[in-house]
Amino acid sequence: MRVFTIMKNAPQHRFFVLTKNPAYMRRFFRTRLDFAWPLPNVWLGVSVEDQASYDKRIFELLPTP
C-alpha cells in the first residue's frame with residue numbers, strides 16, 4: 001500500500017506494475033487502496049512466458065480498474 005502512495009505523490013514519474021497473479025492484483029485494487037484509481041502515471045501489466053500464459057492471464061487482468 002505504501003508504495004502506491006509514493007507513486008501517487010510522484011506524478012512526474014511513470015511506474016509499471018507487473019504481476020504473474022492478476023487475480024491478486026484485482027483483489028488488491030478492490031480492497032486496499034484508499035484513494036481514487038486509476039493513477040495516470042501508473043501502468044498495470046501481466047508478465048507472460050508464452051502464448052498459453054498470455055491467454056490465461058490477460059483476461060484475468062482486464063477487469064482490474
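**Entry 1, the fold.** I began with the crossover and noted that strand 1, helix 2 and strand 2 make a right-handed β-α-β unit. I call a crossover right-handed if, with the strands pointing away from the viewer, the path from the first strand over the helix to the second runs clockwise. The model is a predicted one, in which local features need pLDDT of at least 70 and side-chain atom pairs count only at pLDDT 80 or more, whereas totals for chains, interfaces and linings use all residues. I number residues from 1 along each chain as its sequence is written, and side-chain values use heavy atoms, with hydrogens and water left out.

I then listed the secondary structure, taking helices (H or I, at least four residues) and strands (E, at least two) as DSSP runs numbered from the N terminus. The list came to three helices and two strands, and from the N terminus on the elements follow the order α-β-α-β-α. For the extent of the protein, I noted that the C-alpha trace spans about 35 × 25 × 15 Å along its principal axes.

**Entry 2, the strands.** I looked up how strand 1 and strand 2 are joined, counting two strands as paired if DSSP finds at least two bridges between them. They pair in the parallel sense over five bridges. In that pairing, F15 has V42 of strand 2 as its bridge partner, and T19 stands opposite V46 in strand 2.

**Entry 3, the aromatic rings.** I let rings of Phe, Tyr and Trp (its six-membered ring) pair if their centres lie within 6.5 Å, with planes under 30 degrees apart counted as stacked, over 60 as edge-to-face and the rest as tilted. By this rule I count three aromatic pairs. In the pair of F4 and W37, the ring centres are 6.0 Å apart and the planes stand at 80°, so I recorded it as edge-to-face. Because F4 lies in helix 1 (residues 2–8) and W37 in the loop between helix 2 (22–31) and strand 2 (42–46), this pair ties together parts that are 33 residues apart in sequence.

I also checked accessibility, where buried means under 20% relative accessible area, exposed over 50% and partly exposed in between (1.4 Å probe, protein chains only). Both F4 and W37 are buried.

The pair of F16 and W43 has ring centres 4.9 Å apart and planes at 85°, so I recorded this one as edge-to-face too. It links distant parts of the chain, with F16 in strand 1 (residues 15–19) and W43 in strand 2, 27 residues apart. From C-alpha to C-alpha, F16 and W43 are 4.8 Å apart in space. F16 counts as exposed at 56% relative accessibility, while W43 is partly exposed with a relative accessible area of 48%. I noted, too, that ring pairs link F4, F28 and W37 into a cluster.

I returned to W37 for its backbone and found a cis peptide bond joining W37 and P38, with omega at about 10°. P38 lies in the loop between helix 2 and strand 2.

Two packed helices are described by the angle between their axes and the distance between the axes. I took the axes as lines fitted to C-alpha atoms, for helices over the stretch in contact, with angles that run from 0 to 180 degrees between N-to-C directions. The axes of helix 2 and helix 3 (residues 51–61) come within 8 Å and cross at roughly 5°. The two helices are therefore roughly parallel to each other, on a scale where angles under 35 degrees count as roughly parallel, over 145 as roughly antiparallel, 65 to 115 as roughly perpendicular and the rest as oblique. P22, A23, M25 and R26 of helix 2 make the contact with R57, E60 and L61 of helix 3, contact meaning heavy atoms within 4.5 Å.

Leaving aside its neighbours within four places in sequence, R57 is in contact with K20, P22, V46, S47, V48 and E49. In helix 2 I also looked up Y24, which is partly exposed with a relative accessible area of 42%.

Buried residues make up 35% of the 65 residues in the protein. Among contacts between residues at least 6 apart in sequence, I noted that 71% join residues at least 24 apart.
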